[in-house]
Amino acid sequence: MTRMTPLLERNEQFARGYVPVPLNPPAAQVVIVACLDHRVDPAIILGLRLGDALVIRNAGGRVTGAVVNDLAYLAYLAGQFFSAQVEADGLFEVAVVHHTQCGTGFLADSSFRSQAAEATGVPEAALEAAAVADPYATVKTDVDRLLTSPSLTPKISVSGHVYDIATGRVTTTLDAQHPHGSRP
Ligand SMILES: [Zn+2]
């Protein structure tokens, strides 16, 4: 038994009408960094179709070292294989999307955080870094982290957005800018 059974039935429906998507740059030329929360699925809130955008999700949609590494690799890949198909100064835009009512908000409370660290074995600093109590503040922190990362080429751009769970609306809080990193 698996709880996947009803979802696999949905997959069967999907596969019946499926047309394979070739390996091309994402049609929207966007990489979305978002929270893993089941209420904020970028495919649904942004109307993504297959092949439109790459999506990186973790707790909070935070820009961790692992996210920076993925983006550096994606930029390399795009430059190697798709430079003829994308604009010279715009391999893709990284859109950081944080949201209201994020479950990581509890981690802003120091006693909750230390109990969580104790119970899970995850270092308290890592839990603190994941917290999104004010998405407008954390999205700025994370966009700045990307703009100043030496691993990221100025050929990508970075923007910041907040998704409001109450209204279903995404608001752009930081327009796209290029990183000033040392990679060409
Ligand atoms: Zn969240």
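1. Of the 184 residues in the chain, 36% are buried. The model is a predicted one. Local remarks below should be read with that in mind.

2. Overall layout. The chain has six helices and five strands. Read from the N terminus, the order of elements is α-β-α-β-α-β-α-α-α-β-β. Along the principal axes, the C-alpha atoms fill a box of roughly 50 × 50 × 35 Å.

3. Nonpolar core. The largest nonpolar core holds 24 residues. Those that touch the most other members are Leu 71, Leu 91, Phe 92, Val 94, Val 96, Leu 146 and Ile 156. Two or more residues of this core come from each of strand 1 (30–35), helix 3, strand 3 (93–99), helix 6 and strand 4 (157–164). Helix 3 supplies the largest share, six residues.

4. Largest pocket. The space in the largest pocket is about 360 Å³. Its lining counts 20 residues. Nearest the centre of the pocket lie Asn 24, Pro 25, Pro 26, Leu 54 and Phe 82. Strand 2 (53–58) and helix 3 (65–81) are the elements that give two or more residues to the lining. Helix 3 gives the most, with four residues. By class, the lining of the pocket has 16 nonpolar, three polar and one charged residues.

5. Zinc site. Which protein atoms are donors to the zinc ion? They are Cys 35 (SG), His 99 (NE2) and Cys 102 (SG). These donors lie 2.0 to 2.2 Å from the zinc ion. The spacing of the donor residues in sequence is C-x63-H-x2-C. His 99 and Cys 102 are buried. When checking the site, note that water is not among the atoms, so sites may look incomplete.

6. Gln 101. This residue sits in the loop between strand 3 and helix 4 (110–120). The phi angle of Gln 101 is positive, near 55 degrees, in a residue other than glycine. Is Gln 101 buried or exposed? Gln 101 has a relative accessible area of 51%, so it counts as exposed, the cut-off being over 50%.

7. Gln 29. A positive phi turns up here too. The value for Gln 29 is about 55 degrees, although Gln 29 is not a glycine. Gln 29 lies in the loop between helix 1 (5–16) and strand 1. Gln 29 is partly exposed because its relative accessibility is 30%, which falls between the 20% and 50% limits.

8. Asn 58. Asn 58 belongs to strand 2. With 16% relative accessibility, Asn 58 counts as buried, because buried means under 20%. The side chain of Asn 58 has polar contacts with backbone nitrogens. A polar atom of this side chain lies 3.0 Å from the backbone nitrogen of Gly 61. For the backbone nitrogen of Arg 62, the distance to a polar atom of the Asn 58 side chain is 2.9 Å.

9. Asp 134. Asp 134 occupies the loop between helix 5 (124–130) and helix 6 (135–147). Its relative accessibility is 37%, so Asp 134 counts as partly exposed. The side chain of Asp 134 reaches the backbone nitrogen of Tyr 136 at 3.0 Å. Now set Asp 134 against Ala 72. The two are 62 residues apart along the chain, and their C-alpha atoms are separated by 27 Å.

10. Asp 164. Asp 164 is located in strand 4. The relative accessible area of Asp 164 is 24%, so this residue is partly exposed. What separation do the C-alpha atoms of Asp 164 and Thr 100 show? The separation is 5.4 Å, with the two residues 64 apart along the chain.

Definitions and conventions:
Residues numbered from 1 in each chain as written. Predicted model: local features only at pLDDT ≥ 70, side-chain atom pairs only at ≥ 80, totals over all residues. Heavy atoms only, no water. Buried < 20%, exposed > 50% of the residue type's maximum accessible area, 1.4 Å probe, protein only. Polar contact = N/O pair within 3.5 Å; in protein donor to acceptor, adjacent residues only side chain to side chain. Donors = N, O, S within 2.8 Å, 3.2 Å for Na, K, Ca; no water. 1 Å grid on protein atoms, 1.4 Å probe; cavity = no way out; pocket = protein on both sides within 12 Å on 5 of 7 lines; lining within 4 Å. Points joined across faces, edges and corners; volume = space filled by probe spheres on them. Nonpolar A, V, L, I, M, F, W, Y, C, P; charged D, E, K, R; others polar. Core = buried A, V, L, I, M, F, W, Y, C linked by side-chain atoms within 4.5 Å.
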